[in-house]
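Me: Please take me through the packing, the sheet and the charged pairs of this model, with the cut-offs stated as we go.

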Amino acid sequence: MHREQSPARRVIGVVGRSGSGKTTLLEVVVAALAGRGLKVNVIKHSHHDLELEPPRKDSARMRLAGAAEVMVASPYRFAIVHELRGAPEPGLDEQLARLAPADLTLVEGFKSWPLPKLEVYRAAVGQPPLYPHDPLIAAVASDSPRPADARPELAWLDLNAPATVLAWLDRQLDLKFSASLP
């Protein structure tokens, strides 16, 4: 079941083809927003198996022994590894519910989920853009000029000038969530 966004869960998807620069752009955006004092969460979806702990370490041994969840905690951070053991992959709603509240959650992946999205597009990747087939893509950050046939309401941002992406995010937050900004 897909839920509508609430002010407590401000979520924007970041989508694009592999190699387009999503993670590089997100690093800059997250650093800038965190530098302003905003709390930013990130969900990174992967189609691959995750190995978050060194093999044969205590936490990995407990997980492999059959623990449903293993928490590794230190004075610097903690992580919870939850084994699905054949259960279906949780949807984005369930993943969001596990996170602490934040000013903004950026989601890399989950591209079929119904939420506003920013596409990172580079023609040099050699694959077509996603925006023509996804009306929820509200903006494209690209190193290519805006195509003449792009939807008029689609924001076209300069991927090589991350300040344009930050300005677009600011407008999205001000217009849609101004009541709950700090």
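**Charged pairs, sheet and core**

Reply: Arg10 is buried, and Asp103 is buried as well, where buried means under 20% relative accessible area, exposed over 50%, and partly exposed in between (1.4 Å probe, protein chains only). This is a predicted model, in which local features need pLDDT of at least 70 and side-chain atom pairs count only at pLDDT 80 or more, while totals for chains, interfaces and linings use all residues. Residues are numbered from 1 along each chain as its sequence is written, and side-chain values use heavy atoms, with hydrogens and water left out.

Me: Which parts of the chain does the pair of Arg10 and Asp103 link, and how many residues apart are they?
Reply: The side chains of Arg10 and Asp103 meet in a salt bridge at 3.4 Å, N to O, a term that requires a side-chain nitrogen of Lys or Arg within 4 Å of a carboxyl oxygen of Asp or Glu. Helices (H or I, at least four residues) and strands (E, at least two) are DSSP runs, numbered from the N terminus. On that numbering, Arg10 is in the segment before β1 and Asp103 in the loop between α3 and β5, so that distant parts of the chain are linked, 93 residues apart.

Me: Is Asp170, which meets Arg36 in a salt bridge, buried or partly exposed?
Reply: The salt bridge between Asp170 and Arg36 is 2.7 Å, N to O, and it links helix α4, where Asp170 is, with the loop between α1 and β2, where Arg36 is, 134 residues apart. Arg36 has 45% relative accessibility and therefore counts as partly exposed. Asp170 has a relative accessible area of 26%, so Asp170 is partly exposed.

Me: What is the order of the strands in the open sheet of six strands?
Reply: Two strands pair if DSSP finds at least two bridges between them, and five bridges join β6 to β7, which run parallel. The edge strands are β2 (40-44) and β8, each pairing on one side only. With parallel pairing, the order of the open sheet is β2-β5-β1-β6-β7-β8.

Me: Which residues is Val29 in contact with, leaving aside its neighbours within four places in sequence?
Reply: Contact means heavy atoms within 4.5 Å. With those sequence neighbours left aside, the partners of Val29 are Leu106, Val165, Leu166 and Leu169.

Me: What kind of aromatic pair do Tyr131 and Trp156 form?
Reply: Rings of Phe, Tyr and Trp (its six-membered ring) pair if their centres lie within 6.5 Å, and planes under 30 degrees apart count as stacked, over 60 as edge-to-face and the rest as tilted. Tyr131 is in the loop between β6 and β7 and Trp156 in strand β8, 25 residues apart, and both Tyr131 and Trp156 are buried. Because their ring centres are 5.5 Å apart and their planes at 85 degrees, the pair is edge-to-face.
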